Amino acid sequence: MNKKLLTIDEKKYPIAWRFNSKDCLLSSAEKSKIVFLDPEESDHLWNMTFPFEHIIKMDSSFFSVIEKINLNFEHPKESSLFFKKRLTDSSLVFFFWSKKASAIIPTDIFVKSWDDFFYPSDETSILFIANRNKMIFSYEETFFYVDILRNYPLKQPSFAEISA
């Protein structure tokens, strides 16, 4: 499989550098199944989904932590089981690198290559599981699988408290 056949337009989708890099695990056919959203489309989808401007400003009343786990970027196949178990009933997921960069991804492609989406240095990435109203976000190598709450509880731990 030649992974260099498909080059994603980095001017239109700046995050595409991750998928155009030589170390991307995805084939051209797999890359072609990812629907990248431009900055305006991403911003619109973010605003429809999240009541905060940046993940670090996410109010703790927005979510309830189901699971907190460290994943190993050095052994991505082992860590992919975390995602596979949580995405079994989803065919598509929404991935946000930030408010201005997102994509709609077939679940099997995301699970296969989750470390082409999340990076250890990221502090803004969110995997949104729309059909279950859940999300996964990370802080370095710590991942949080959470319920998105519509009826906000009185007190939940803050992002700073759970990432410590």
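Which residues line the largest cavity? Work through the exercises below to find that out and more.

This is a predicted model, so local features need pLDDT of at least 70 and side-chain atom pairs count only at pLDDT 80 or more, while totals for chains, interfaces and linings use all residues. Residues are numbered from 1 along each chain as its sequence is written, and side-chain values use heavy atoms, with hydrogens and water left out.

**Exercise 1. Describe the largest cavity and its lining.**

Step 1. Let's start with the idea. Rolling a probe the size of a water molecule over the atoms shows where empty space is left. Here a cavity is a set of points, on a 1 Å grid over the protein atoms alone, where a 1.4 Å probe fits but cannot get out. Grid points are joined across faces, edges and corners, and a volume is the space filled by probe spheres set on the points.

Step 2. Now count. By this rule there is one cavity of 30 Å³ or more, and the largest cavity has a volume of about 40 Å³.

Step 3. List the lining, meaning residues with an atom within 4 Å of a point. The residues are K12, Y13, P14, I15, F36, L37, D38, P39, K100, A101 and S102. The elements giving two or more residues to this lining are β1 and β4.

Step 4. Sort them by kind. Ala, Val, Leu, Ile, Met, Phe, Trp, Tyr, Cys and Pro count as nonpolar, Asp, Glu, Lys and Arg as charged, and the others, Gly among them, as polar. The lining then splits into seven nonpolar, one polar and three charged residues.

**Exercise 2. Work out which residues of helix α3 are buried and which are exposed.**

Step 1. Helices (H or I, at least four residues) and strands (E, at least two) are DSSP runs, numbered from the N terminus. Buried means under 20% relative accessible area, exposed means over 50%, and partly exposed is in between (1.4 Å probe, protein chains only).

Step 2. Pick out the buried residues. In α3, which covers residues 39–49, these are S42, D43, L45, W46 and T49. Seen down the axis of α3, they fall within an arc of 165° (taken from the directions from the helix axis to the C-beta atoms), so they line one face of the helix.

Step 3. Ask what covers the buried residues. The cover includes β1 (35–37), β3 (92–98), β4 (101–106) and β5 (126–129).

Step 4. Look at the start of α3. There, a side-chain oxygen of D38 reaches to within 3.0 Å of the backbone nitrogen of E40.

**Exercise 3. Find what D122 and S125 touch, and how their side chains are joined.**

Step 1. Check burial. D122 is buried at 11% relative accessible area, and S125 is buried at 0%.

Step 2. Link them. A polar contact of 3.2 Å joins the two side chains, D122 to S125. (A polar contact is a pair of N or O atoms within 3.5 Å; within protein, one must be able to donate a hydrogen and the other to accept it, and residues adjacent in sequence count only if both atoms are side-chain atoms.)

Step 3. List the neighbours, where contact means heavy atoms within 4.5 Å. Not counting residues up to four places away in sequence, D122 touches R18, F117, S138, Y139 and E140. With that exclusion, S125 is in contact with I55, F95, F96, W97, F118, I136, F137 and S138.

Definitions and conventions
1 Å grid on protein atoms, 1.4 Å probe; cavity = no way out; pocket = protein on both sides within 12 Å on 5 of 7 lines; lining within 4 Å.
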